[in-house]
Amino acid sequence: MRYRLTFITGLAVGYVLGTRAGRERYEQLRTCARQFVENPAVRNTAETAALGGRQAATRAFERVKPLRERIGQREKAAEGEDDWGTSNT
């Protein structure tokens with residue numbers, strides 16, 4: 001409940017400050033944000049982070065692959081009849 005109250009309070013404060021600042025301040029912030037995003041250093045850092053994330057995900061997938069195969073073999077073995085002659089459905 002505390003997080004919800006904090007979020008609602010932040011939303012209300014942002015709305016009040018935004019309406020007081022007006023359209024000119026909004027446009028100024030938008031221009032600054034666009035310049036920041038279009039900065040080559042920021043783009044390079046974002047691309048490097050994305051590449052690192054993809055590589056980490058690939059390594060994690062390769063490490064988990066043997067475990068996934070073992071789980072798949074267990075599920076296939078469990079699909080047939082059990083020792084009592086009944087199916088597992």
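Q: Which side chains meet in a salt bridge in this predicted model?
A: A salt bridge here is a side-chain nitrogen of Lys or Arg within 4 Å of a carboxyl oxygen of Asp or Glu. By this rule the count comes to 1 salt bridge. Its N to O distance is 3.4 Å, and the side chains are those of Glu-27 and Arg-30.

Q: How many residues apart are Glu-27 and Arg-30 in helix α1?
A: Helices (H or I, at least four residues) and strands (E, at least two) are DSSP runs, numbered from the N terminus. An α-helix has 3.6 residues a turn, so residues three or four places apart point the same way. Glu-27 and Arg-30 are separated by about one turn of α1, that is, 3 residues.

Q: Is Arg-30 buried, partly exposed or exposed?
A: Buried means under 20% relative accessible area, exposed over 50%, and partly exposed in between (1.4 Å probe, protein chains only). Arg-30 has 38% relative accessibility, so Arg-30 is partly exposed.

Q: Where does α1 bend?
A: The bend at a residue is the angle between axes fitted to the seven residues ending there and the seven starting there. The end C-alpha atoms of α1, a helix of 37 residues, are only 37 Å apart, short of the 54 Å that a straight helix would reach at 1.5 Å a residue; that expected span is 1.5 Å times one less than the number of residues. The bend is about 105°, and its place is Gly-22.

Note on methods
Residues numbered from 1 in each chain as written. Predicted model: local features only at pLDDT ≥ 70, side-chain atom pairs only at ≥ 80, totals over all residues. Heavy atoms only, no water.
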